[in-house]
Structure formats: C-alpha cells, structure tokens
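Hi there,

Here is the structure I promised to pass on. Have a look at it first, and then read my notes below.

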2 protein chains.
Amino acid sequence: MKRLKLVIAYDGSAYCGWQAQAEDGRQRTIQSEIERVISGMVKEEPDPGTRDEHCLNPIRVHGSGRTDSGVHAQGQVAHVDIPLKSSGINWKNALNAQLPPDIRVIGADWVGEDFHARFSAIGKEYSYTLWPSDEPVNPLLAGLCWKTRPLSLENMQSAATVLSGEHDFASFQNSGTDVKDTRRTIHSIAFFPGLAGVMTCPRDWPVVSIRFHGTGFLKQMVRNIIGLLVDIGLGRLAAKDVLDILKAAERAKNPCRTAPAHGLNLLRVIYP
Amino acid sequence: MKRLKLVIAYDGSAYCGWQAQAEDGRQRTIQSEIERVISGMVKEEPDPGTRDEHCLNPIRVHGSGRTDSGVHAQGQVAHVDIPLKSSGINWKNALNAQLPPDIRVIGADWVGEDFHARFSAIGKEYSYTLWPSDEPVNPLLAGLCWKTRPLSLENMQSAATVLSGEHDFASFQNSGTDVKDTRRTIHSIAFFPGLAGVMTCPRDWPVVSIRFHGTGFLKQMVRNIIGLLVDIGLGRLAAKDVLDILKAAERAKNPCRTAPAHGLNLLRVIYP
C-alpha cells in the first residue's frame, strides 16, 4: 500500500457533510463520494500477498475532521491507502474525471505512512462569511454567507480578542461528541471584507468574513462563536458577557445560537 | 395602474431561463416566479373602474429580453403594471420576502408609463467567464464559468477587435427567432481577470472574463462569439478566419459551437 494525501475543495450545499453516514448509506457525503470513486478504480487490483488481497471494498478515506452538512471547504485534507498496483494512476486527474463538479481534488501527493490527515494536523483555518445588511444577498453568494441585520463590527472585534488564546471552549461545543479535553488555542480571529478568505467582492457589497486560525476546533465551535459574535454585533450581548460565557464552560449556559452551516468554509489544514 | 421598474439579480442554475414557458407552465423560470409572487399579492385588489377590474391573474412582467436556461444576471431589468391599490407596498422588500434566495430584487422604482424594459433599452452589458486551464475548477465557481483547455488570450483579443463595431451578426444568431434585422453594434469586448465583472479572484486562479457592451444582442450571440473566440484561443481557427465567418452572415457557415450557458452573466441593461 502507498499512502496518498488529498487536498480537496468542495461546495457543501448538496451534501450531508463530510462524514460517510454509517446509519444510512444512501445519504450523499463528500467522503462517501470519494470512497465510491476510488473503490471503483482499485477493486480489480488488490496487491498480491497482502491482507487486502481479498478485501476489495470499501476503500476508506480518512479526513482531517468532519465538516457539517452544508459547510464548504477550500482545503480539506484526507489520506487514503492505495494498493501498490494502482500507484501508477494520476489520482488527481482520475478523481476529478469521476467526481461531481462540486467536489474537486486540488492536490494529490504520496506521503509516508506516518502521515495521518487527522492526527498529524497541527492547526486549521476557517472562514465564516456574513452579509450584515438589510439589502438582499446577491444570489451568487446566497449559499455562501449568513444574512443578518446590520452589525457593530467594532464590538464584535472586541469580543473576538477575548476569545483568542488558549481557553476551555466547552461553552462553544455542541452535544453529540465524546471529546473530553475541550481546551483549544485560537491563534487569531481576523475580520476582513470579501468572501470566505478567497474572493474580493465589490466595495458596495456588505460582505464580511471572519477568519479563524487555531490548533483545532470542537464540534460546531466556529459556528457557535459566530452565533455569539453576531449577538454582540446586534447589541443583544455586551463584550463583557463573553468572559462569563467562556468561564461557564457549559454549552447550556451559552444563550447564543449556532450560526448556519453554509457561511462556513474550511480554508486549510496545517501540518508540520 | 402604476408602472414599476425592477432590477433583478439571479443565479440561473436552477431555472429554465427568464421566459415563462407557454407550452409548459410547470417549468420554473425567473419570470414565472416573479409573476407568481406579484399575482398572489395583488389578486384581491383590482383597481375599481379599470378594465383590469375583472382580470385578476396573471400579472405580466416584461423583461428587457430573455436569458437562456442556466444564464445568470446581476442586473436584469423588467417592468410590471401594478394596480393603484397596491402601490403603497414596499415592493422590493415584499418580493424578496417571497422569492427564492437565488432571485433577488435589487431595485424597485416607479417609472412613467412610457418606460418599457425592452423597447426603452439602448444597450446591454454581458460578461462571460472562462477557466482556461488543466487545473480543476474551484467548486465555488463550478456553476459560473466554462472550463476549457489553456487558451491564447492574445489571439482571442485580436479576433475580438474584428468583431467590435457595427456588423451583421447573422453568423452568430441561433435559429428559433423571427428577428429580421441582424445588424448590431458592439461598443467593446474587454478581457479582464476575475469573475463575471463582479468579483476578484486570487491571482493563482486561472479565471478570465470577457465583457461585452453593445446596443443589443441576437439570440445566443454572446455565447456564439465566445464559442468562436475559444476556437481561436485553442488554435483551431486563425484570427483572419473571423472576418470570413462574419461576412458569410449565416449561422450554418460558422463552424464554432455555442458556449455553455452557465458562463454567461447579464451585468446590466442601459437606458437613456
């Protein structure tokens, strides 16, 4: 087997998230689409003499982490072990030829077997895009940003500085996970105009993206932080409430909603 | 009745074009969506004493012209006559509240009854976006550009200058129209990086938009010109062939394909 590292961009609008759904194989996920294509290409070619010789399917693709239903990615990373016989394939081209156009492999490189998409990662960058205006969202961005009432960005920036650094983010982790250690470090939370850290919009479009760089993020942590920042921006909460919510270390004591998934974009996964 | 001028942006991906389909009312079009919403809002309120008193439905929305299935718009224009009783409505907000998010009314203003979205127009601007590269199209742009092999933009620009100005564009008009006068004036054909004349993409994205400004355009004329320019860019045709194709004034003598609809964007309609 040879280990392949994939860098993947996707428009998550049409998918039930990254993770293959064990309970219902009929739901389309990014992971299951990629596994389907790779499995179809290698199933006739198991390595002779290996334990995989008679194990044709499924090929398992290991992501750096899950993205929720509707979340987009510019640089999700995954690894997959490919039988030696199939290592001559140009995997980037072969995958793009068979995957739907809303999933694109933008990089495919052989790596050592000590590389693990999830456990080798030392950081991630996310971007969340807002349309804080009473003006209608331009239809080209409808699936990429969250429309809110006008926001006080200044107050949001003050609150963001409170959240930066190393903290127990239990107040920002939604249920449905068995993660025990809820301490994480956010290196930076930066505000800038434009789309998802990737495209520049015209000056008269009220588009703001908030970019997060951290060691790792709990379940729906970025969306919960955005929910809080938007409540700050709307004046429902004061910047001083942020520290209380953080210190409570309990999601139930955080009154803010989880921001919708479609504003979120996984920009890149960082490795040493 | 009072005449309302609407400026409309849409992502055309999910629609069978602008025009309501007489032969099959079940197909979703931009026009039929807008007519459905307006008709629903005014049907209880015909003006007393007018000839429309007993003509409840449908309200007819008149566009500046058709856009094909899959074509997008940043600034389509339409007009619609609204019964006086409904003239107090904030139509921009009311329409956006009921239209699907991929259709947005970005302007709604009362105009004189001499204004006609189609006949008052003196010009249009379109943009066509290409991804001329062997690299995969970023999924965020998958529905907005045409992926081609790498192109010689220099040769395409030479060919574009031949097409600028006033010409008989019959070679670039597809069948299925009763337009007799096929002379049109293209004021400019300009190339620039980025998306559809509206968004700026990162420098390493191979995105090129070609922007057309003219007095008016025949059926699928922009897409046919793009088909020719791409054949020039691929080296299948020489810039000198362009004049022959133009002079033939017959679509059948133009060997180039019609570029796919989803790369096209109606940027604006120009009025005096």
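**How the two chains sit together**

Of the residues of chain A, A:Thr200 comes closest to the rotation axis, with its C-alpha at 2.4 Å. Please keep in mind as you read that this is a predicted model. The axis in question belongs to a rotation of 180 degrees, with 0.0 Å of shift along it, that superposes chain A on chain B at an RMSD of 0.0 Å. The two copies are thus related as by a two-fold rotation axis.

**The interface**

The contact draws 28 residues from chain A and 28 residues from chain B. Because 100% of the interface residues of chain A are also interface residues in chain B, the copies meet through the same surface.

How much area do chain A and chain B bury between them? The figure is about 2000 Å², and 68% of it is on carbon and sulfur atoms. Three residues stand out here: A:Pro139, A:Leu140 and A:Met199 supply 33% of the area that chain A buries against chain B, more than any other three residues.

There is a polar side to the contact as well. Across the interface of chain A and chain B there are 2 salt bridges, and 5 residue pairs are in polar contact. One of the salt bridges joins the side chains of A:Glu135 and B:Lys92, with N to O at 2.7 Å.

Which elements give two or more residues to the side of chain A that touches chain B? They are β1 (2–10), α2 (91–98) and β4 (103–111) of chain A. Of the elements, β4(A) gives the most to that side, with 3 residues. Sorted by class, the side of chain A that touches chain B has 18 nonpolar, 5 polar and 5 charged residues.

**Salt bridges within the chains**

Over all chains, the count comes to 28 salt bridges.

In chain A, A:Asp68 forms a salt bridge with A:Arg223, and the closest N and O atoms are 2.6 Å apart. A:Asp68 lies in the loop between β2 (61–63) and β3 (72–82) of chain A and A:Arg223 in helix α4 (residues 221–234) of chain A, so the pair ties together parts that are 155 residues apart in sequence. A:Asp68 is partly exposed, at a relative accessible area of 21%, whereas A:Arg223 is buried, at 11%.

Chain B has a salt bridge between the side chains of B:Arg223 and B:Asp68, at 2.7 Å from N to O. This pair links distant parts of the chain, with B:Arg223 in helix α4 (residues 221–233) of chain B and B:Asp68 in the loop between β2 (61–63) and β3 (72–82) of chain B, 155 residues apart. B:Arg223 counts as buried at 11% relative accessibility, while B:Asp68 is partly exposed at 22%.

Also in chain B, B:Arg268 pairs with B:Glu125 in a salt bridge whose closest N and O atoms are 2.5 Å apart. Here strand β10 (residues 264–270) of chain B holds B:Arg268 and strand β5 (residues 123–132) of chain B holds B:Glu125, and the two residues are 143 residues apart. B:Arg268 counts as partly exposed at 42% relative accessibility, and B:Glu125 as buried at 9%.

Finally, A:Arg28, A:Glu33 and A:Arg36 are joined into one network by salt bridges that share partners.

Terms used:
Residues are numbered from 1 along each chain as its sequence is written. Chains are lettered from A and ligands numbered from 1 in the order in which they are written. This is a predicted model: local features need pLDDT of at least 70, side-chain atom pairs count only at pLDDT 80 or more; totals for chains, interfaces and linings use all residues. Side-chain values use heavy atoms; hydrogens and water are left out. Copies are superposed by least squares on the C-alpha atoms of residues with pLDDT of at least 70 in both. Contact means heavy atoms within 4.5 Å. Buried area is the accessible area (1.4 Å probe) that two parts lose on being put together, summed over both. A salt bridge is a side-chain nitrogen of Lys or Arg within 4 Å of a carboxyl oxygen of Asp or Glu. A polar contact is a pair of N or O atoms within 3.5 Å; within protein, one must be able to donate a hydrogen and the other to accept it, and residues adjacent in sequence count only if both atoms are side-chain atoms. Helices (H or I, at least four residues) and strands (E, at least two) are DSSP runs, numbered from the N terminus. Ala, Val, Leu, Ile, Met, Phe, Trp, Tyr, Cys and Pro count as nonpolar, Asp, Glu, Lys and Arg as charged, and the others, Gly among them, as polar. Buried means under 20% relative accessible area, exposed over 50%, partly exposed in between (1.4 Å probe, protein chains only).
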